[in-house]
Amino acid sequence: MSQVMKKIDDRENVLKIYTLGRFLVKRGDTVLSDQSHRSYRLWELFQYLVTNRNKSFLPESIAENLWPDNDYSEPRQAVRTQICRLRKLLKDEEDDSEYISFVQGCYQWNNKQKIWLDVDEFERLYHLAKAKEDDNYLQAIELYYEAVSLYQGEYLPGAMFNEWVIPVRNYYRNLFLQCVVDFANLLKKHERYAEIVDLCEKAVLIEPYEEELHTKFLEALLATGKIKKARVHYEYITSLLYREFGVKPSQELLNIYKRIQAKSIAASEEMAALQQDLAEEKDDGAFICSKEVFRSIYKLE
């Protein structure tokens, strides 16, 4: 765990917000986002302000962007009511925290208030890892591991159909993919292929249709001698892409398939040569060996 992240975790009263693969707001051991089951709009407003934490909005603009199907006679009052409820829910009695500001007729997230946000930490760790690749690759690897572990899935999955989320979701998705590719390239540079296999296996569970991740995975399987597994996975991913999108294997995947075929043939020829050698070395005479070897042969038979 990075020192900054550990320092924040040590502060029990800090507001922690998880948005990748889930939505969770907690302070210490108290989960705030589960306290009210009838407050969908309340937390939607929270997500909107956190997502756009560097912007300010008129109350009418918030109502229009979040609840366009509701024809409020007084949208300003409707938003103000939700803001008051949200402030009350988030309020920390220990330090009288104020997370939402009202400045010049507009509401905005108070960026002066200390919080821990998973997307900010993910982005920070990725860029720090990238910067450490040349001068301290071992530290870079640790930072990459921390970054990818934070990405549990797409940004705010519960807000799937909200248009204002889509650009931000795409941004973090692309950042995750780039993070995995850069991490895999660093591991490949230092011939840590088994770790690439593990990394890509987890990444394709989150992004199952991203061809580049499967390509990295197949290359690492070949490098670790797992030819049969590479063949099975190649057949799986090419069938999946064709079935779901009507997409035929790319040239890069075809090139990997040729390598799989070549290694399969080489392995078969090696086995055939071994069998021939064993057949030629057949001896009908007595086999003299140690007691330990005899015991192993006996158990095997």
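User: What share of the contacts with a separation of 6 or more comes from residues 24 or more positions apart?

Analyst: The share is 60% in this protein. A contact here means heavy atoms within 4.5 Å. The model is predicted: local features need pLDDT of at least 70, side-chain atom pairs count only at pLDDT 80 or more, and totals for chains, interfaces and linings use all residues. Residues are numbered from 1 along each chain as its sequence is written, and side-chain values use heavy atoms, with hydrogens and water left out.

User: How many helices and strands are there?

Analyst: There are 12 helices and seven strands. Both are DSSP runs, numbered from the N terminus: helices are H or I with at least four residues, strands are E with at least two.

User: What makes the span of H5 close to the expected one?

Analyst: Helix H5 covers residues 118-132, which is 15 residues. The expected span is 1.5 Å times one less than the number of residues. That gives 21 Å for H5, and its first and last C-alpha lie 21 Å apart.

User: Which residues of H5 are buried?

Analyst: They are Asp 118, Val 119, Glu 121, Phe 122, Glu 123, Leu 125, Tyr 126 and Ala 129. Buried means under 20% relative accessible area, exposed over 50%, and partly exposed in between (1.4 Å probe, protein chains only). Across the protein, buried residues make up 40% of the 301 residues.

User: Why is Gln 104 called exposed?

Analyst: Its relative accessibility is 80%, so Gln 104 counts as exposed. Gln 104 sits in the loop between strand E5 (100-103) and strand E6 (106-109). Its phi is positive, near 50 degrees, and Gln 104 is not a glycine. Most residues other than glycine have a negative phi.

User: Is Glu 191 buried or exposed, and how do you know?

Analyst: Glu 191 is at 61% relative accessibility, so it counts as exposed. Its loop lies between helix H7 (166-189) and helix H8 (193-206). Glu 191 also has a positive phi, about 55 degrees, without being a glycine.

User: What is the strand order of the open sheet of four strands, and which are its edge strands?

Analyst: The order is E3-E2-E1-E7, with mixed pairing. Strand E3 (30-31) and strand E7 (115-117) are the edge strands, because each pairs on one side only.

User: How do you know that E2 and E3 pair?

Analyst: Two strands pair if DSSP finds at least two bridges between them. Two bridges join strand E2 (residues 24-27) to E3, so the pair qualifies, and the two run antiparallel. Lys 26 stands opposite Val 31 in E3.
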